[in-house]
Amino acid sequence: MYNLWTAGYTLRAMLLFGAALAGCDNMIQEIDVAPSNFPPKLAVSAAIDTDNGTFSINFTEARSLGSYKKWQSESRTIIRKGVVSLYEDDNFIYGIFSNEQGFDMSLRPSDSGFSFEEKGLALKAGSTYRLTLEIEGYPTATATVVMPADPAVEDIALDTGRKIHKRYPYFVGRSGGYSSGGDMDFYPLNIRLKDNSRDRNYYMFRLESTTVYAYTSYTETPPVATGNRALIQDNPDMEANPLSIENFEDVYLFERMLMSDMSFANATGTIDLLLQEWLVKASDPLPCDTASQQYEQRTSIDICISHLSAVTYEHHRSLALQRSEIGFFTEPVSIPSNIENGYGCFAAINTIRKTIYERYSCFPGIYYNP
């Protein structure tokens, strides 16, 4: 889910001339633009994901430029009553109802707006989902999406017998990229993915590593890596953080890697990813001997492959370009929205999850059998 931040901006256009126009008296021209003024609307960031049947949402107040004529605190308290409804093929399936205290939609430097997440919904490919927000003081905001088809994965293969060495890793982040400065070793992770429609399709790849130890568990999200530039030629985070002319980098690591089917349209393509070596350690395939009082630690690594709706991809791309502040002469980035009577994005994500590696380890300790 992507947070949507709204703020007031002062718009000024400046025209600069080169040295050849040194004879001109005015080097800078200012153009006044009348500020827009409209009643507040809702800014919404919501998503449904077939992975664990997840519905997540964040919403707050979006203000117009005209509202800043009079000073008001950016972090003022905003409490409103209302109801959020989710429909599947026009049938009500889930609702969030405010209690007497209402929804806390306050704007803060961090953690702004009301946030909520629910799991366990039976979301289906091809179904139409409609989101409705009826919040007092704002026009009713609605959005409709169709859940994309399941990602057509034909095969997933992790080769731990072949090590690949990379000298110039580059971490591609949502708020900027940076070179690692150290060598890295990887194992190849190849995915056979079929393009299952004639329209442009968009995908997201991410990893999850879950460790269970002594009846506790924790999950990490190691980066997804690839050395194939053709796969990520239209990746939004790469577009927002262009590399230097030298371009020494030979592997790119993402928290979550977005791509389209541009390199395998209407065909089956091999998505050649890389898994960091440190994630795959020597394992003990046998269970612990309970008589010797040992703990068993189990670690599993999952690859999550998501088919994204087009508006989800375009919304992420626009936010990535906006955050990057590409340059002085760049035109303002237009943030696409599918929220009627509001702003933001209601995303539909169809995810499949596959375990690509497991390892077991035994440690001394007091064995507890509940």
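**Strands, cores and confidence**

Modeller: Strand β3 (residues 41-49) and β4 run antiparallel and are joined by 9 bridges. The model is a predicted one.

Biologist: Which residue in β4 is the bridge partner of Ile-48?

Modeller: The strands β3 and β4 form a hairpin with 4 residues between them, where Asn-52 takes a positive phi near 65°. Within the pairing, Ile-48 has its bridge partner in β4, and that residue is Phe-55.

Biologist: To which other strand is β4 joined, by 5 bridges?

Modeller: This second pairing of β4 is also described as antiparallel. Within it, Phe-55 stands opposite Glu-118. The strand joined to β4 by these 5 bridges covers residues 114-118 and is β9.

Biologist: Is strand β4 largely enclosed by the rest of the structure or exposed, and how many of its residues are buried?

Modeller: A residue is called buried when its relative accessible area is under 20%. Strand β4 spans residues 54-62 and is largely enclosed by the rest of the structure, because its buried residues number 9 of the 9.

Biologist: Which residues touch the most other members of the largest nonpolar core?

Modeller: In soluble globular proteins, nonpolar side chains tend to be buried together. The largest nonpolar core here has 30 residues, and the elements giving two or more residues to it include β3, β4 and β24 (342-364). A second, separate core has 29 residues, among them Tyr-170 and Ile-305. In the largest core, the residues that touch the most other members are Ile-48, Phe-55, Ile-57, Phe-59, Leu-133 and Phe-346.

Biologist: Where is Ser-112 found, and is it buried or exposed?

Modeller: Ser-112 lies in the loop between β8 (103-104) and β9. Its C-alpha atom is separated by 8.4 Å from that of Phe-59, although the two residues are 53 apart along the chain. Phe-59 itself touches residues including Leu-42, Met-105, Gly-113 and Phe-114. With a relative accessible area of 11%, Ser-112 is buried.

Biologist: Which strands are the edge strands of the open sheet of 4 strands?

Modeller: The order in this sheet is β7-β6-β10-β11, and the pairing is antiparallel. Neighbouring strands are turned by 15° against each other on average, direction ignored. An edge strand pairs on one side only, and the strands that do so are β7 and β11.

Biologist: How many bridges pair β10 and β11?

Modeller: Strands of a sheet pair through backbone hydrogen bonds, either parallel or antiparallel. β10 and β11 pair in the antiparallel sense, and Leu-131 stands opposite Ala-143 in β11. The number of bridges between β10 and β11 is 6.

Biologist: What share of the contacts with a separation of 6 or more joins residues 24 or more positions apart?

Modeller: The protein chain has 2 helices and 24 strands, and buried residues make up 42% of its 370 residues. Of the contacts with a separation of 6 or more, the share from residues 24 or more positions apart is 73%.

Biologist: What is the mean pLDDT of the protein chain, and where is the pLDDT below 50 or under 50?

Modeller: The mean pLDDT is 81, and 75% of the residues reach 70 or more. Over residues 1-25 the pLDDT is below 50, yet this stretch has 53 contacts in the model beyond near neighbours in sequence. The values asked for are a mean of 81, with pLDDT below 50 over residues 1-25 and under 50 over residues 366-370.

Technical notes. Residues are numbered from 1 along each chain as its sequence is written. This is a predicted model: local features need pLDDT of at least 70, side-chain atom pairs count only at pLDDT 80 or more; totals for chains, interfaces and linings use all residues. Side-chain values use heavy atoms; hydrogens and water are left out. pLDDT is the predictor's confidence in each residue, from 0 to 100. Contact means heavy atoms within 4.5 Å. Buried means under 20% relative accessible area, exposed over 50%, partly exposed in between (1.4 Å probe, protein chains only). Two strands pair if DSSP finds at least two bridges between them. A nonpolar core is a set of buried Ala, Val, Leu, Ile, Met, Phe, Trp, Tyr and Cys residues joined through side-chain atoms within 4.5 Å. Axes are lines fitted to C-alpha atoms, for helices over the stretch in contact, and angles run from 0 to 180 degrees between N-to-C directions. Lists of a residue's contacts leave out its neighbours within four places in sequence.
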